[in-house]
Amino acid sequence: MAIIRANARTLLNVSTGSNILEMLSSPCNGSQVTVPSGTYTMGDVTAVQSLTTSFADIPSSSINYTPPSGTTKVIYRYYMQVAYAPGTPLGFVNTKFFLDGTEVTDARRVFYAQYLTGSYYFDYTINCNASSANTSHGDITSWTSAKIMKLQAQEYNSSNQGRLHNPISWDGSTDTSMIIPPILTIISLKDS
């Protein structure tokens, strides 16, 4: 069994024959992660992000990533806390995923509930060696230089609002200021 140490926070055990080339993962608290493809600085979430009816970047979801040579698929994962806005018990969060400035429309997601609060886990796999490019699927024919991956989010309307990085309820009371840093994970795979 080979052991790849990405940094002090990330230890990845890779069995012989594994198709994982690289994995980086960290809370979005401004820390740096060093892996074979380079050093990446995570976003630093220090405040609640209140959504509007217009799509806006989720800053900590953005990473300018170059996968290692031989990568055929890249898995993008982003975990965050979401909640309804105070005074509007219907919570609503729409998300869009972008690869190098182009929306991957197959990756659109909706999270909606009365008194919405919970963990929102976004996961999408990009095919890096497709026979032809397909924007809606996120298929590209090669990936040899840095590309930005990121999420955008919006709420539905004034009666269906959403907030990011805050649980709103904690330990039996309302807490609108607690920050739960999201976690960003990138996994590069090769065909076995």
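Predicted model: local features only at pLDDT ≥ 70, side-chain atom pairs only at ≥ 80, totals over all residues.
Skip the residues within four places of Y76 in sequence and show what else is in contact: S61, I63, F97, F122, D123, Y124, M149, K150, L151, L184, T185 and I186.

Y76, F97 and M149 touch the most other members of the largest nonpolar core, a set of 38 residues. Now colour the elements that give two or more residues to this core: strand 4 (32–35), strand 8 (63–65), strand 9 (73–83), strand 10 (90–99), strand 13 (117–127), strand 14 (147–154) and strand 19 (183–189). Which of them gives the largest share? Strand 9 does, with six residues. As background, nonpolar side chains in soluble globular proteins tend to be buried together.

Are C28 and C128 buried or exposed? C28 has a relative accessible area of 0%, so it counts as buried. C128 is at 3% relative accessibility, and that is buried too, because the cut-off is under 20%. Don't look for a disulfide while you're here: a search of the whole structure finds zero.

Now jump to D175, which sits in strand 18 (residues 173–175). Leaving out residues up to four places away in sequence, D175 touches N166, I168, S169 and W170. Zoom in on the D175 side chain and you'll find one of its polar atoms 2.8 Å from the backbone nitrogen of M178.

Time to zoom out and switch to cartoon. You'll see 19 strands and zero helices in the protein chain. Along the principal axes, the C-alpha atoms fill a box of roughly 50 × 40 × 25 Å. The radius of gyration is 18 Å, which agrees with the value near 16 Å that a compact globule of 192 residues would have. Colour by burial and 45% of the 192 residues come up as buried.

Last stop, colour by pLDDT. The chain averages 90, and 91% of the residues score at least 70. Where does pLDDT stay under 50? Select residues 1–16 for that stretch; the model has 31 contacts for these residues beyond four places in sequence.

Conventions:
Residues numbered from 1 in each chain as written. Heavy atoms only, no water. Core = buried A, V, L, I, M, F, W, Y, C linked by side-chain atoms within 4.5 Å. Buried < 20%, exposed > 50% of the residue type's maximum accessible area, 1.4 Å probe, protein only. Helix = DSSP H or I, 4+ residues; strand = E, 2+ residues; numbered from the N terminus. Contact = heavy atoms within 4.5 Å. Disulfide = S-S within 2.5 Å. Polar contact = N/O pair within 3.5 Å; in protein donor to acceptor, adjacent residues only side chain to side chain. pLDDT = per-residue confidence, 0-100. Rg over C-alpha atoms; globule rule 2.2 N^0.38 Å.
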